[in-house]
Structure formats: structure tokens, C-alpha cells
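This briefing goes through a structure topic by topic. Keep the sequence and the 3D view at hand while reading.

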Amino acid sequence: MISFLVLLGIVVCFSAILALALNFQWGLGGMVNFGLAGFYTLGAYSCALLILNGGANTLAATLGAMAIVAAACAATALVTLRVTEEDYFAIVTLGAGEMLRLVALNEDWLTKGALGLTGIPRPLGDVIPADVYVYFLLGLSIALLLGTLWVLNVLARSPFGRVVRALREDDVVAATLGKNVLWARVRIFAVGGAFIGLAGSMHAFYYQYIDPTQFTNIVIAYAFMAVIAGGRGAHAGAIWGAAAVMVLLEGSRFLKDVIPALDSDRLAAIRIIIIGVGLILLLIYRPQGFMREYRLQVELK
Amino acid sequence: MLQTAFNGLVTGVIMTLPALAVTLLFGVLKFPNFAVGAMMTVAAYMVFALNGQLGWPLAAATGVVAVAFGGLCIAIDQLTFKPLRGRGGITLMVASLGLGFVLENIARFAYGNTARSFAIELARPFRFLDVRMNREQMITLALSALAMTLMWLLLTRTPVGRAMRAVADNPQLALVRGIDSERIIRWTWFITGILLAVGGVLIGMDRALEPPMGSNYVVGVFAAAILGGLGSALGAFAGAMIIGVVSELSTLVMPPNYRIGIPLAAIALILVFRPQGLFGQPYIRK
């Protein structure tokens, strides 16, 4: 049971980083990202391939994966050059994500296709004894989550953070005030992308084995659910939201013990139906989520 | 080359119905509905239940399911999208994504992941100018042409069609003129449901029935609708044809696995160079 909780904790940490990344792009910046699953795939595969084929160490590979996903996200954001409506952007990100997943599935020479990549080494995996390694990984994940939270908090409260929120509220007003909307959007998406890359790398380290079936579009539903439940724009909310979604998901594995008639396909289907229905119910009854976005407050004396 | 172009034409024709549905919904409701793919899947499985399991002829099964699915779409709208109306496109968009996951997995729950196909007797393909055409492709062409004609008549010649265009063009003005927009929304969903049900059957005939069958078409369908100009029925038709033929021809020069790259590139180009689409009109949202 303890080891189950430790493993659950690690999963929650990298899901929370993914949710924080989406929260920065969409919750704060108003740029919807339906290609999340594809960018997450890109992060995990870049990290794994930099180690396995490029001979990089785990730290360099993680940084490399972050840079690659950030660049891919920045390039995607460039299509907002003329059209700023979010619905068009949603379709573009959906298509870009789909394309990235297809690359992972089809480029056998690089990604081994449906077989996936195996034997991904873990950070300090050869130094720390195997029996206590999960505790180290949990500690590392928590540290990275807190680091992400800190960076994003600093960014959100900086002048750049104010531009980000201004774009979400009204990009025309921001442009009128002399802000470069396109450049700001590219940077918002790149920052989010870097953390998607980090989450993807941690995914690769945790499972040590990645294949295309781990990265279906359901990832998008999980992340949006986490951000909406936590409250759009609220950083701490995104973390609690991700934790709630993951506990719900991992907990529903035990449904199998309660209702033995369910085979694994059906169980997976039920879990996704629950997530989808939950997402719609949240949007209808609690669209503001359960936590609030940080606001600068001045105390009156 | 000719054969490939013809196959592309059929692929394009298959996409015209869902593209039309997307463009109609976008016109009236002002948000892109990402659940269209899963809706086609569910409708196709409903037809499969009547045709493959109860042994009805495919045409009869499609007809019954199309009308029933139109009703079902109205019910879905009342449950999910009606409480969210007026909340802004992004909320509705995320809700439609969630709805898509729910519908696709209801189909998966009921029929599993194995591919199935409709019970239709095999017929020998015939040749015309060295192009091989099979019977399913002919049915697809005929059915889509019929649906397009009916849609055109509906939109231009009937009071409901005029009201739909009025709501799409300017909801406030339509309201002032006494058009009940909720009634028009119900009509739109009903027609959309029929289009999607027939579209789902055509996809099932062309490929096979499996849970992701509809969502595989989502990017292509949206590309078609955007290329033609969201909200323009003629544009949806032209966009679907262009996307279909170009992506099929692209397999001559690049690996077929990346066919989806063509609609994606089309979206990117059209958004940068002509955001209102080929046949659309630029409009101001705020």
C-alpha cells in the first residue's frame, strides 16, 4: 500500500506539472491547447531519444526535451499571426498534436513505432540503491513540481505575467497599449511548452518504457479537467485538480475487483466516460473551479 | 494517377456531410463542435445494431437511425450545450471535447475495440475510363449529391432554412424579427444529426467500424470547413473536395501515414493568408 501511494504521488507530480503548463497557456494566457497529448509525446520521446541515441545524461536530456517542446509550441503559436480567434487555434493545436503522435507511431527507425522505447535510464539510477529509488524519485518529482510552481508564480506576477493576463481578457486592448501580441503569444506558448517537455521527461523516467498508446488524446481531457476543477488561472488549484483527477483515475482501477464482469477495455471506457461527464458537469455547475486566481491585493489602512 | 484522384474525390465526398454539419453548427451556435467525430461513430454503431445484428437492409437502417439520431442530437444539446449557451466559445468547445470522449467510449463500451463492418453483399467493381469504381463509392457519390441538393433547397427555399441563415448572420436581428432562436437551434441539431448519421455510415462503408473511426476525420473535416470559410455551406462542400483530392494525391509523393499533414497545412496556410476562407466573409466578433 505504501509503495502504491509513493507511485501515485509521482504520477500526481508529473500530471500536476502538465496541468500547470496548460494552466499557464490556457488559464492565464487564454490560448487553448488541444495538442497537449502530442506535445507531451514529443517531450517524452525527445528525452528518451536524447539519452538512448544521443548519449546525453538525464539532466541534459530533460533540458533538451524542454527546449524542443518549447520550440515546437512556439512554432505552432505563429499561426496566430493573423487570426486570433481561439476556435481556429484550437483546431490548429489539435492537428499539430495529432501529427506529432503520428510521427512517434510511424517513424520506426527513430521511435521503434508501436514497439516503443525501452530501457530508459533514470536520474542517478546507478548511484542510488534500487530498493530506495522510488522514494528518491518521489522527492525529485516533488522538488520539480515546487520548482515549476515557483517559476510560474514569479512569471505570473512579473510584467510579462500582466501582459499574459491582458491578452486573455482582451487582445485588442493589449495591442492598443503597444504590446506585441504575436510575440507575447509565442512566448506564452513556449513557456508552457517547456513545462510540458519537463512533464514528458518525467513520464519517461517513471515508466522507463514509452510507446504511443500511453499518449492518447485522453491526456487532454485529464489536463483540462484538472485546470477547470482547480479554477482557471489558479496555480495551486491546478495542482489539487491534477491530484484529484489522478487519485480518481488510479482509484478506479479497483473497480475491477468490485465488478469482475468488466474487462480492461470496458473499464478503460468507463473511466473516460466518467472523466468526460465530470468535465461537462464542472463546466455547467462550477465553471469557476474550486480555487481562485492570484490577484494583487493592496491592504487599506 | 486518375484512380488516385477518383479515390480522393470519394474521400472528399465522404467529408462533405460532416463538414456541412460543422459549418451549420458553427453558423448557428458560434463554436466548433469537436464531438462531431464521436457522434458519427455512435450513429454508425446504431446502424450496425440494426443492420449487422438484426439483419435490416442497410438503407432502411440508415434512414431510421438518421431520423432517430437527429432527435438524439437535440436531446444531447438540451443536456450539455443549452446550460452553457452564452458562456463563450471556449467553454462550449471544451464541453464538446468532453462530450466526444463520452460518446466514443459509450460505443467502445458497447462494442469493444475490434473492427466490424456492415452486412452488405459484395458486388463486382466496374470500370470507366480505366478507373475502378466499386459500388460503395457509387452509393457514396449519389447519397452525398442528394444530401447537398436537399441542404441547398432547405437553406434557400424553406422558412426554417431562411431562419437558420438569419440566426447565423445576426442573432439579435433575428430575435427582433420574431425568430425563436431556440427552435432554430433545435432544427439545426436535428439536421446536423441526420448529416452526421449518414456521414458515419459512409465512413463505415469506406473503412470499418471502430471506436476512433469518426474522430480520425475531425481534423480533415474542420480543415474542409475552415478552408471553405466557416459558416458557408458551399464552402464546406468545396473545402471537403479540395482536402480529399489533395490528401489522396499527396500519397503519391509522401508516406500515406502522414496524410493528415495536408489538412493541417491547409489550415495553417488559410489562416495566415486568407482567414475568412475561400468562400466565407470576414466578420467581426466583438
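A:Ala67 sits in helix H3 (residues 58-77) of chain A. The model shown here is predicted.

**A:Ala67**
- Is A:Ala67 buried, exposed or partly exposed? A:Ala67 has 15 other C-beta atoms within 10 Å, and a residue is called buried only from 20 or more such atoms and exposed at 12 or fewer, so A:Ala67 counts as partly exposed.
- A:Gly139 lies 72 residues away from A:Ala67 along the chain, and the C-alpha atoms of the two are separated by 24 Å.

**Two packed helices in chain A**
- Two packed helices are described by the angle between their axes and the distance between the axes.
- For helix H7 (residues 159-169) and helix H9 (residues 181-207) of chain A, the angle is about 110° and the axes are 10 Å apart.
- Angles of 65 to 115 degrees count as roughly perpendicular, so H7(A) is roughly perpendicular to H9(A).
- On the side of H7(A), the contact is made by A:Val163, A:Val164 and A:Leu167. On the side of H9(A), it is made by A:Val181, A:Ala184, A:Arg185 and A:Ile188.
- Sorted by class, the contact of H7(A) with H9(A) has six nonpolar residues, no polar residues and one charged residue.

**Positive phi in chain A**
- Most residues other than glycine have a negative phi.
- A:Lys112 is not a glycine, yet its phi is positive, at about 60°.
- A:Lys112 is placed in the loop between helix H5 (108-111) and helix H6 (133-157) of chain A. It has 16 C-beta neighbours inside 10 Å and therefore counts as partly exposed.
- A:Gln208, also a residue other than glycine, has a positive phi near 60°.
- Where is A:Gln208 found? A:Gln208 is in the loop between H9 and helix H10 (218-230) of chain A. With 14 other C-beta atoms within 10 Å, A:Gln208 is partly exposed.

**The largest nonpolar core**
- The largest nonpolar core has 198 residues.
- Which of these residues touch the most other members? They are A:Ala16, A:Ile17, A:Val69, A:Ala223 and B:Ala43.
- Leaving out residues up to four places away in sequence, A:Ala223 touches A:Leu18, A:Ala19, A:Leu22 and A:Leu36.

**Chain B as a whole**
- Chain B has 11 helices and two strands. Along the sequence, their order is α-α-α-α-β-β-α-α-α-α-α-α-α.
- Taken along the principal axes, the C-alpha atoms of chain B fill a box of roughly 55 × 45 × 35 Å.
- Of the 286 residues in chain B, 51% are buried.
- Among contacts in chain B between residues at least 6 apart in sequence, 76% join residues at least 24 apart.

**Contact of chain B with chain A**
- Chain B and chain A each give 38 residues to the contact.
- On the side of chain B, the elements that give two or more residues are helix H4 (89-111), helix H9 (218-228) and helix H11 (261-273) of chain B.
- H4(B) gives the most to this side, with 15 residues.
- By class, the side of chain B that touches chain A has 26 nonpolar, nine polar and three charged residues.

How values were computed. Residues are numbered from 1 along each chain as its sequence is written. Chains are lettered from A and ligands numbered from 1 in the order in which they are written. This is a predicted model: local features need pLDDT of at least 70, side-chain atom pairs count only at pLDDT 80 or more; totals for chains, interfaces and linings use all residues. Helices (H or I, at least four residues) and strands (E, at least two) are DSSP runs, numbered from the N terminus. Two residues are in contact if their C-beta atoms, placed from the backbone, lie within 7 Å. Ala, Val, Leu, Ile, Met, Phe, Trp, Tyr, Cys and Pro count as nonpolar, Asp, Glu, Lys and Arg as charged, and the others, Gly among them, as polar. Axes are lines fitted to C-alpha atoms, for helices over the stretch in contact, and angles run from 0 to 180 degrees between N-to-C directions. Angles under 35 degrees count as roughly parallel, over 145 as roughly antiparallel, 65 to 115 as roughly perpendicular and the rest as oblique. A nonpolar core is a set of buried Ala, Val, Leu, Ile, Met, Phe, Trp, Tyr and Cys residues joined through C-beta atoms within 7 Å.
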